[in-house]
There are 2 protein chains.
Amino acid sequence: MTQNSTDLTLEQIGKQAGVSRSTVSRVLNDHPDVRSEVRARVKAVIEDTGYMPNQAARALVSSRTGLIGLVMLTEVDELFGDPYYSALVKGIQLGCLDHGLIFSIFPVHGPEGPSDVLTTQIAQGFIDGVIVTAGPRSDRLVSRLRARNKRLVVVGHPVDDVDVLRVDVENRAGSATAVKHLLDLGRSRVGFIGPSAEYLYGTERFDGYKDALAAAGREVDDVLIRFEDPTTEGGYRAASTILPGDVDAIHVATDPMAVGVFRSLTERGVRIPHDVAIVGFDGLDRGPQLEPSLTTVVQPVTEVGRMAVALLANDSPSTEPIILPTSLRIGGSCGASDFLHNR
Amino acid sequence: MTQNSTDLTLEQIGKQAGVSRSTVSRVLNDHPDVRSEVRARVKAVIEDTGYMPNQAARALVSSRTGLIGLVMLTEVDELFGDPYYSALVKGIQLGCLDHGLIFSIFPVHGPEGPSDVLTTQIAQGFIDGVIVTAGPRSDRLVSRLRARNKRLVVVGHPVDDVDVLRVDVENRAGSATAVKHLLDLGRSRVGFIGPSAEYLYGTERFDGYKDALAAAGREVDDVLIRFEDPTTEGGYRAASTILPGDVDAIHVATDPMAVGVFRSLTERGVRIPHDVAIVGFDGLDRGPQLEPSLTTVVQPVTEVGRMAVALLANDSPSTEPIILPTSLRIGGSCGASDFLHNR
DNA sequence: TTGAAAGCGCTAACAT
DNA sequence: ATGTTAGCGCTTTCAA
């Protein structure tokens, strides 16, 4: 691949502007110590010639490329169907715009295999930092990247390593709010359906569920609690094993699961929200459309992505995790409007 | 961002192996002129130390980064919902794996705006080549990138510039096959619904439609032809203005449009395929599920992506466009099974 | 077959 | 405020 034949160097720009290469460099990097007259002259030449500095040379001397990697534990086409990643990548893109960075996506099927590309390329000082998304097996990945001494941000996943930067949402408080909302609406038998224990965010949400019950002085009843895959099918399976007569509300810890719960309940003639009220968790833009509309805990995924980039971009030594707040979006499935209506 | 504190250089590896920096470089780049004994010794040290060459330095001296850009004329989250891009990116990822490259996605909202990132970063010699996806406005983009003297591959879009590399599918032949199939099944009034003229692939598919009619000695009847947005809504609108009595088959030039056509026909009590047979175009993995299943022209989008990378990776001077063949996937909507049944 | 030396284009410390 | 100089880590002639 040939370079642009008209490729210019700092030296040549300097010659044209009648200054040294250093002065041009200073103009380029907005150093204050340049006379405005000279600055203008140099800028004119740069404009004229369409000169752009060579990034490789910059990277070599500054050991920064402006490139960040996005490591995801999925196949690339799997990733594309998922509203969560969609929102996250959108945020990362916005963050990159904010900070003048470029991101590359590294799908990793497992800790082995194509992840070699990752170690090969990422470790070679070509990528300034890495954003790692959550996943059951992300811990091993994180430690491998840590071993490479890479600047690292983990999103949507608690990590043991205190040195690792982290952005996440208030899973626990979010679920607590959801359950409190149901209790406040007068529901007394509130169940929980969520992902199995390997999904740490699910555990956090379950903790929030228990918090809200405890705060209201209610007992936790295992009969009303199910763990399954965080998918529509998982939600369906989970709901199918709960007796409709046992519950009058369920907090479903992911919206895809809530879709399955809706289906199961509807099939069995259970009315939502009249018989069983539902509050989900996710609230993604491209998430499910249900009838009645789903009341759900909205997690700001796009903001998470944006913050992750900001964390990577700022060399700040702080490793405090950034935990973003969730909010409750009221729809028809929790019965809030009926509640107002009936009283 | 600090570099790995244990960062090694060629020089240091050389010292440890008792050779010069040049020899290590030769080993690294598989030069033949190294004694196998020395080669082994050097390799051992590299293995031991976990040394990896600095990519920025390599890029500076070789003017190659191994990075390619994927320029898309969409918002990044729009892109994520789309099965076409999903398949394309999958192919590009496979291609990158083949050739040891990394790709970055550059969403471009329009020829202005964030595309500055594009000119800024891409033009700066940081990216070896660019894959540009089709779009109504991609021509301007292509010429801008051409002006930057970038190695360029355009996918899914005819281009005027003969110097631009191109990968596409046989749109015209694909649609001709679809229409011939319908005619062979005994349909006599075959309509066409496709995207409006700014989508060049649509025009090609329409040409294929006309080819098949001409080959069968049939007339083109404007009453049976509609152009609309290549979306479900567009397909719905288009079908709604065709009188069911006028047609006994329709070739719908994109699968999303076919979904709209199904809906419109079904609403009006038209039976598929009994009254009107349908053949679509796209056949993407994550495409629509219909009942009866859609007979459609399958375009190998993943292969397109993979080929695009191959074209970028090979410095071959050939600029011949690569046009991949399509295939017809028989489902229930064309009536092929009924046909066999009834005769 | 190997080493020495030059230089890719840039930044930054140092000198003026 | 500006120029000079010394590298960054690598590849690649050119000598030996």
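A polar contact is a pair of N or O atoms within 3.5 Å; within protein, one atom must be able to donate a hydrogen and the other to accept it, and residues adjacent in sequence count only if both atoms belong to side chains. In this predicted model, local features need pLDDT of at least 70 and side-chain atom pairs count only at pLDDT 80 or more, whereas totals for chains, interfaces and linings use all residues. Residues are numbered from 1 along each chain as its sequence is written, chains are lettered from A and ligands numbered from 1 in the order in which they are written, and side-chain values use heavy atoms, with hydrogens and water left out.

Figure 1. An N or O atom in the side chain of B:R58 is 2.7 Å from a phosphate oxygen of DNA strand D.

**Figure 2. The protein surface around DNA strand D.** A residue is near a strand if one of its heavy atoms lies within 4 Å of it. DNA strand D is surrounded by 27 residues, the closest being A:S22, A:R26, B:L10, B:R21 and B:Y51. Sugar or phosphate supplies 55% of the atoms of DNA strand D within 4 Å of the protein, and bases supply the rest. Helices (H or I, at least four residues) and strands (E, at least two) are DSSP runs, numbered from the N terminus.

**Figure 3. The protein surface around DNA strand C.** Of the 25 residues around DNA strand C, A:L10, A:R21, A:Y51, B:T23 and B:R26 come nearest. Sugar and phosphate make up 57% of the atoms of DNA strand C that come within 4 Å of the protein. At least two residues of the surface near DNA strand C come from each of helix 2 (21-28) and helix 4 (55-62) of chain A and helix 2 (21-28) and helix 4 (55-62) of chain B. By class, the residues are 11 nonpolar, 8 polar and 6 charged.

**Figure 4. Side-chain contacts to DNA strand C.** An N or O atom in the side chain of A:Y51 is 2.3 Å from a phosphate oxygen of DNA strand C. For the side chain of A:R58, the corresponding distance to a phosphate oxygen is 2.7 Å. A base is contacted by B:S22, with an N or O atom of the side chain 2.9 Å from a base nitrogen of DNA strand C.

Figure 5. A:S333 is in the loop between strand 12 (327-329) and helix 14 (336-342) of chain A. At 0% relative accessibility, A:S333 counts as buried (buried means under 20% relative accessible area, exposed over 50%, partly exposed in between; 1.4 Å probe, protein chains only). A polar atom of the A:S333 side chain lies 2.7 Å from the backbone oxygen of A:I278, and the side chain reaches the backbone nitrogen of A:T295 at 2.8 Å. Leaving aside residues up to four places away in sequence, the residues that A:S333 touches include A:I272, A:P273 and A:P292 (contact means heavy atoms within 4.5 Å).

**Figure 6. Two cis peptide bonds in chain A.** A:I272 and A:P273 are joined by a cis peptide bond with omega of about 5°. A:P273 is found in the loop between helix 12 (255-267) and strand 9 (277-282). A cis peptide bond also joins A:E291 and A:P292, with omega of about 0°. A:P292 lies in the loop between strand 9 and strand 10 (295-298).

Figure 7. A:D30, a residue other than glycine, has a positive phi near 55°. A:D30 is in the loop between helix 2 and helix 3 (36-49) of chain A and counts as exposed at 57% relative accessibility. A:S63 is not a glycine either, and its phi is positive at about 40°. A:S63 sits in the loop between helix 4 and strand 1 (67-72) of chain A and is partly exposed at 31% relative accessibility.

How values were computed. Nonpolar A, V, L, I, M, F, W, Y, C, P; charged D, E, K, R; others polar.
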